[in-house]
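Please look through the model shown here before reading on. The paragraphs after it start at the ligand and then turn to other parts of the chain.

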Amino acid sequence: MSANTNILVVGIGGQGVMTATEILAEAAIALGYDAKKTEVAGMAQRGGVVSSHLRFGDKVLSPQITPGTADVLLGFEAAEGLRWRHMLRPDGIALMNTARLVPPVVELGLFDYPEDPIADMRKSGTRVVAFDATTIALGLGDVRLGNTVMLGAIGDHLPFPAEVLLEGVLKRFQRKGEKVVEQNRRAFEAGRAAAKGA
Amino acid sequence: MAAVMPAPASSRLLMSGNEAVARAVWESGVKVAAAYPGTPATEMLEVISTYPDLYAEWSVNEKVSLEVAIGAAYAGSRSFCCMKHVGMNVASDALMTLTLTGVMGGLVIAVADDVGLSSSQNEQDSRYWGRFAHLPVLEPADSQEAYDMTRFGYVLSEKFQVPVILRMTTRINHVKGLVTVGEREAPGAAGFKKDPARWVMTPAGASKRIPLMFERDKALRQMAEASELNRLEAGADRRVGFIASGPAYMHVREAFPNAPVLKLGFSCPVPVEKARQLAALADQVVVVEEVEPLVEMELKAAGIEVLGKDILPRSGELSPQILKPAIARLLGEPVPETTVAPPMQVFPRPPTMCVACPHLGVYYTLSQVKNLTIAGDIGCYTLGAGHPWNALDTCISMGASMGVALGLDKGRGEADKDKRILAVIGDSTFMHMGMQGLLDIVYNKGNVTVLLLDNRAVGMTGGQNNPGNGYDIHDNEAPRIDFVKLVESLGVKTERIHKVDPYQLPVLFKTIREEVKVPEVSVIITDQPCVLTKAYHKLKPYEVAEDKCTGCGNCIEVGCPAIHVTRRGKEVKASGREVDLAFVRIESSVCTGCGLCLQPCAPKAIQHHEPVSPIKLVKAVEEVAQ
Ligand SMILES: Cc1ncc(C[n+]2csc(CCOP(=O)(O)OP(=O)(O)O)c2C)c(N)n1
């Protein structure tokens, strides 16, 4: 069973974490893998923590990733990477958006947001590639491209070619016309480059 | 939801347990499906409503939804009803007698247990209902099984004329996996056949049905013993054999691939003889079930030696990482050392109210009024118990704010004699189970101020329509309840009923302050829509004029997640008291201009945000470059 690939996608409610995981799952299925996707999402819609588990391989039994066995951690928010890094296997990799989303409990002065969560992850021994998906998306003309940038980032860290994932991503935008498809293609490639560059 | 074209038979689809059940319901030719929303069950009916050729409805509560399904099943049609675990508590009055009448058309009741309490007020094991009501229980372990067992459920239901419980958990409802779907069948409705001895449960009639129920129990037990859904899987490592159902089965298979396992799918009545067979071929047997030791106790009562909750946790989800060390300890083996780094301590991220949520104004106001005891209820507004408002003192079950408030009033001790008692309840919760409580307050002359937060949606579960917003499950127009008239007809005096815009803080404040002083029941209805629904219209966003912000922090007390602190400081007041300062900014890209934060801002530092057009930005950059 160890042949399963375990991908953990984390962020906060409303960021599109679950949709991103679903697109990854569909790509795996298109290649004939068995796959299961599950969330730990307390009231996710309300800005809470979301961690979405994707497991695929010949046959997937338990849908949950056991701590210490995730191959890739795709983080949509900086501090969430820190919260979930223990899920990675020792030689796993974290692909982190550097975006910081500070919750009201921090603004109220009840808790502190870590100064540099990415640095903390590295200090704790996690292999991290960090990039600013929001700025990349803005550079391409639309913040909403951020999620495609994130998916692009994981493109070269999968046991199958990034093109399979790209195809799945673009299929989602087909109905919106050629221009949107093209924008997303560029966003995906920008994410790929970002995750390679560091 | 709008109708869609169902995928063709034999398609292999990535489906959640909820989607798989919905597909099976449609394929089974169900004519009537009814439910009240509740996580993690909500999507079953949402998806069912997108299929053609059936009737689907949001009912006002679970009891009504079950009764609608019962009526359809009496009429000879196949029917379906689903709910979250606590929903069955509400529906159980109907359930406990339904078991005596049985059904004509097949009836499957899907109950979703929130194991691990991801979004519920308690954790409970719905498999008990199978024992309590003498009904068969099916327990899927993944989406494919959720689909298969729903299909089988209708066959079983009609064979024994018995309602069938499909017991799901969050890890089934919300996990997506591959499902191969099939063809739709369309059984015709047999028609309602008058038969008072069968359908009219009087003491005389009901007592005659009880022996029949016991006969049915026996037949069901035989069927469970023979059923392929209860499968004995051989295994070479016979030191421990496992009995498992639902998601726990997957965890067992993952953790112990070589162990013999009795996989329970048709888990009530428990197939005792199959368990005996497993016990005979393994050194020890461990029952792995979420969450109560139900199968374990029944097997122990049958004289089979098994272990279970003596070595496994009694609440919460199970997983391979919980099972492995427990079994290692049982076998006296070294417990696998975990090489995993412990989780880092990171600030919590409790769910927040949305930007511009109309509840924000209510809770900000409540946090500013002194001397209140606030009986709360269940919905997004339960978050008012948290920071920064701390303005909700009880939450127990849907509709309970009414009765609890009356009890707080009537039961007050000397120390509370000047306390003002409030009840806060949402529109959907009020219609679900709050109306009767309000009637009780009126009838018994309670001194309670009720805040009815009408955001025209079932917000907590995703903004479903309800009788308060005038739309049905398909977004078609439906009769819309008038809360003022409703409350009036329950006996609240006209002058004690106020409709208030929750974004108008001074009006809200004044109304609450005045009504809590009146020693009789008042109802204050807020009337702005949930921001996640179509009825909500965004307004021009705001921003903070940096030079004007004095750092007083008043706006933060509103609790809107669009307000962020840019820097902190300290100030020594004339009195010599030192106060903390927090200078803020508004994330204008998410602000929708509700204007709540403006109102407590003393220096008037919050103003409309003037977005800079990208063209201007480019020009500015060019100018700098020159
Ligand atoms: C018996 C029962 N059924 C369903 C639920 C799930 N549930 C929690 S709150 C809620 C309704 C909330 O709607 P409303 O009262 O209108 O408040 P809002 O969330 O819109 O503020 C539901 C359906 C529950 N907790 N208990």
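The shell around the ligand is made up of 11 nonpolar, 12 polar and three charged residues, where Ala, Val, Leu, Ile, Met, Phe, Trp, Tyr, Cys and Pro count as nonpolar, Asp, Glu, Lys and Arg as charged, and the others, Gly among them, as polar. This is a predicted model, in which local features need pLDDT of at least 70 and side-chain atom pairs count only at pLDDT 80 or more, while totals for chains, interfaces and linings use all residues. Residues are numbered from 1 along each chain as its sequence is written, chains are lettered from A and ligands numbered from 1 in the order in which they are written, and side-chain values use heavy atoms, with hydrogens and water left out.

There are 26 residues around the ligand, and E62(B), H359(B), D427(B), T429(B) and G459(B) come nearest; a residue is near a molecule if one of its heavy atoms lies within 4 Å of it. Both domain 1 (12-226) and domain 3 (358-527) of chain B contribute residues to this shell, so the ligand lies between them. The domain bounds come from an automatic or database domain assignment. Two helices of chain B, α4 (85-101) and α16 (427-443), each supply at least two shell residues, and α16(B) gives the most, with four. Helices here are DSSP runs (H or I, at least four residues) and strands likewise (E, at least two), numbered from the N terminus.

A backbone N or O atom of G459(B) lies 2.7 Å from a ligand oxygen, and a backbone N or O atom of C380(B) is 2.8 Å from one. From N455(B), a polar side-chain atom lies 2.9 Å from an oxygen atom of the ligand. Taken alone, the ligand exposes 580 Å², and the protein buries 98% of that (Shrake-Rupley method, 1.4 Å probe).

Next comes M402(B), which lies in helix α15 (residues 400-410) of chain B. M402(B) counts as buried because its relative accessibility is 0%; buried means under 20% relative accessible area (1.4 Å probe, protein chains only). Leaving out residues up to four places away in sequence, M402(B) touches A423(B), I425(B), G434(B), G437(B), L438(B), I441(B) and V450(B), contact meaning heavy atoms within 4.5 Å.

Helix α13 (residues 320-330) of chain B has the buried residues P320(B), L323(B), P325(B), A326(B), I327(B) and A328(B). Their cover includes β10 (240-245), α10 (247-255) and β13 (284-288) of chain B. After α13(B) comes G332(B), with a positive phi near 70°.

Technical notes. A polar contact is a pair of N or O atoms within 3.5 Å; within protein, one must be able to donate a hydrogen and the other to accept it, and residues adjacent in sequence count only if both atoms are side-chain atoms. Buried means under 20% relative accessible area, exposed over 50%, partly exposed in between (1.4 Å probe, protein chains only).
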